[in-house]
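Please read the following briefing alongside the sequence and the coordinates. It takes up confidence, strand pairing, helix packing and backbone geometry in turn.

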Amino acid sequence: MSEEIISDDMPNADNSDNAGRGQGSPPAAVPADMSGKNADNVKPAAPPDPDDDGITGEDFPEPDYNAPPAVVFEDVHKSYYLYSSDKARFKAMFTNNRGVKQHPALNGVSFTIYPGESVGFIGRNGAGKSTILKMITGVSFPTGGDVTVRGKVAAMLELTAGFSPEMTGRENIRMKATLLGLSEDEIEGIMDDIIDFAELDEYIDQPVRTYSSGMKMRLGFAININIKPEILVIDEALSVGDARFRKKCRRSIRGLIRTGVTVLFVSHSVDALTTTCNRAIYLKEGKVEFDGSVVDALELYNKDVEEIRRRRREKREAKKKKAQERLEKLKQKKIKDKG
Amino acid sequence: MADNSTAYFYTTKHTEKTGIGAIIREHKGQGKKILRLAAGALRKTYKGALLGPMWALIKPSFTLFIMWFAFAVGLRGSGSVNGYPRFYFMLTGYIPWFYINEAIVQGARSIRQNSQYVTKLSFPMSNIMTFTNLASLIVNVGLTLIMYVILVIKGCCPSVYNLQFFFYCPMMFIFFWVLTWTTAPMAAFSKDFENLISSVMTGMFWLSGIVWDTASVKNEAIRISLYFNPINYFINGYRRTFLYGQPMIAEDNYIETIIMFAELFVLMLIGSHYYRKLRRLIPDVL
């Protein structure tokens with residue numbers, strides 16, 4: 001799923017979670033209803049959502065450019081080692097990875113994000129978006145260069161990560177909040193909010209292994225949104241539960257943005273990007289190709305995508321042409337043989 | 001936002017030059033969290049059972065009971081070691097062994113088993129080894145208490161030397177914790193290493209002086225080479241503390257003590273090296 005979905009809204013890539021509460025989500029794309037942020041410079045304005053809660057992006061606070069930056073990337077390089085076999089991996093422990101093939105994911109990425117900014121990352125698959133998000137969440141480390149992050153990070157990347165199936169929902173909340181660095185009092189303070197938000201009711205005291213995937217997702221989302229993050233990292237599909245719950249999620253994210261959190265957003269959705277972000281970074285082959293307004297970034301990205309499509313089309317046509325020629329030749333040969 | 005931005009600050013700049021430095025930094029202010037994770041790890045293992053974490057005590061106690069039955073009731077003629085009934089001799093060896101075995105095997109597996117902490121969350125990796133070892137230690141302190149009660153009933157204890165427990169037990173924890181600095185990242189990196197360790201540990205039980213006395217080996221060369229097995233140092237230490245009533249520093253264990261500390265130092269260097277080297281690679285390979 002690369003450029004094909006550029007105009008789709010919220011591709012439900014991992015929407016296996018509808019099983020949860022039976023309502024099921026309509027297959028029709030749900031428009032991101034965070035309208036109005038950059039309304040003046042966007043040509044196709046987002047269609048008004050009939051169920052909009054009336055909150056628009058206009059009251060999003062201005063980013064604070066004088067504060068110490070929230071995220072700084074300084075000439076970040078990252079390459080992954082590709083071990084040819086388990087034997088090579090074992091050997092690499094003692095040979096310092098000498099002679100192991102490397103795959104470069106980032107080739108010198110630099111940018112600075114200030115508190116309150118909402119930045120969209122766009123780029124084709126393998127451009128390094130996920131690697132950057134992983135580094136911001138402190139999971140992956142750069143091979144070269146430096147990453148600095150100021151503020152509590154909530155990652156909407158792997159919502160169900162870190163749950164232990166044998167423990168109850170409540171215990172898992174406690175565990176995960178502890179891992180995220182919250183104190184005992186803080187956890188007790190947000191416990192009810194989380195349970196409320198996740199809509200788990202009596203299931204909260206059941207072991208997580210009995211949850212459906214949708215319930216797990218909702219719990220994960222509820223935890224991340226309620227720990228009061230300062231930096232919110234969102235990857236693409238916010239397809240949590242059914243349409244109603246998804247809307248609730250978006251509303252709460254918007255609520256968070258209004259309180260001035262920094263948002264880092266990876267998406268291919270034009271709608272979501274234009275309504276949520278006030279800045280976009282276009283990544284191409286592990287480098288920052290463009291850093292600026294969302295519209296310009298999207299334009300450039302679309303142009304590149306068009307270029308690739310065109311090239312692909314040409315290739316296809318060339319192939320067709322060749323086949324046609326071959327066919328012609330055969331036909332002529334047949335005629336000759338007959339004659 | 002600025003008010004608590006210092007509380008959540010993360011940078012890859014100015015990273016420590018040594019693994020020890022990194023490990024110390026990763027443990028700063030994490031004490032409470034580690035304790036809770038250790039308790040959580042225990043709860044997680046025995047969750048779903050009515051008796052819960054009590055199983056951690058029941059299982060080894062059962063082994064001890066069988067042992068008692070075999071040596072004190074069945075094989076009455078199994079004789080005595082250094083003038084003590086074989087059952088007491090084995091009991092004082094078995095208890096530290098339970099911990100050592102857990103610490104080495106579980107410690108080596110710890111990162112792989114808790115891989116979600118490494119690949120999905122920003123979590124100081126060295127804390128994983130700490131809370132895993134701590135969980136084993138909590139169980140072992142309980143077992144030691146049971147052992148102590150038995151020994152007191154049988155009249156071997158109490159004695160002033162029992163206080164040496166407060167040296168041997170933390171020392172044992174530190175030693176095998178430092179060992180996991182090397183083994184856990186390596187086992188996470190390559191599964192062969194994990195299998196190697198479990199295989200070695202099965203043999204270690206018989207190579208260490210748990211059921212037999214290392215001090216009474218006749219061959220001088222073998223006896224001295226046994227000093228290099230740190231497991232013997234701790235097991236004999238427990239016996240000095242609870243059974244023999246000997247001081248922890250005496251003429252007959254100078255060499256053993258020195259060798260143990262030297263080994264600890266070497267392990268620290270190796271562990272520091274491998275931890276630093278593999279810390280950043282492990283999230284990519286797990």
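**Briefing on the model**

A:Asp75 is found in strand β1 (residues 71-82) of chain A. The structure is a predicted model, with scores of ipTM 0.72 and pTM 0.76.

**Positive phi values**

- Although A:Asp75 is a residue other than glycine, its phi is positive, near 45°.
- A:Asp75 counts as partly exposed because 13 C-beta neighbours lie inside 10 Å, where partly exposed stands between the limits of 12 or fewer for exposed and 20 or more for buried.
- A:Glu199, also not a glycine, has a positive phi of about 55°, and this residue is found in the loop between α4 (184-198) and α5 (213-226) of chain A.
- With 18 other C-beta atoms within 10 Å, A:Glu199 is likewise partly exposed.

**The sheet**

- The open sheet is formed by 4 strands in the order β2(A)-β1(A)-β4(A)-β1(B), with antiparallel pairing.
- At its edges are β2 (101-113) of chain A and β1 of chain B, each of which pairs on one side only.
- Direction ignored, neighbouring strands of this sheet are turned against each other by 20° on average.
- Within the sheet, β1(A) and strand β4 (residues 144-150) of chain A run antiparallel and are joined by 5 bridges, and A:Val72 stands opposite A:Thr148 in β4(A).

**A helix pair in chain B**

- Helix α4 (residues 86-113) of chain B and helix α8 (residues 191-207) of chain B have axes that come within 10 Å and cross at roughly 175°.
- Because angles over 145 degrees count as roughly antiparallel, α4(B) and α8(B) are described as roughly antiparallel to each other.
- In this contact, residues of α4(B) including B:Trp97, B:Ile104 and B:Arg112 meet residues of α8(B), among them B:Glu194, B:Met201 and B:Phe205.
- The residues of the contact divide into 7 nonpolar, 2 polar and 3 charged.

**Confidence in chain B**

- Chain B has a mean pLDDT of 82, and 93% of its residues reach 70 or more.
- Where pLDDT is low, the predicted coordinates should not be read in detail.

Conventions
Residues numbered from 1 in each chain as written. Chains lettered and ligands numbered in written order. Predicted model: local features only at pLDDT ≥ 70, side-chain atom pairs only at ≥ 80, totals over all residues. Axes fitted to C-alpha atoms, helices over the stretch in contact; angles between N-to-C directions. Helix = DSSP H or I, 4+ residues; strand = E, 2+ residues; numbered from the N terminus. Parallel < 35°, antiparallel > 145°, perpendicular 65-115°, else oblique. Contact = placed C-beta atoms within 7 Å. Nonpolar A, V, L, I, M, F, W, Y, C, P; charged D, E, K, R; others polar. pLDDT = per-residue confidence, 0-100. Pairing = 2+ DSSP bridges.
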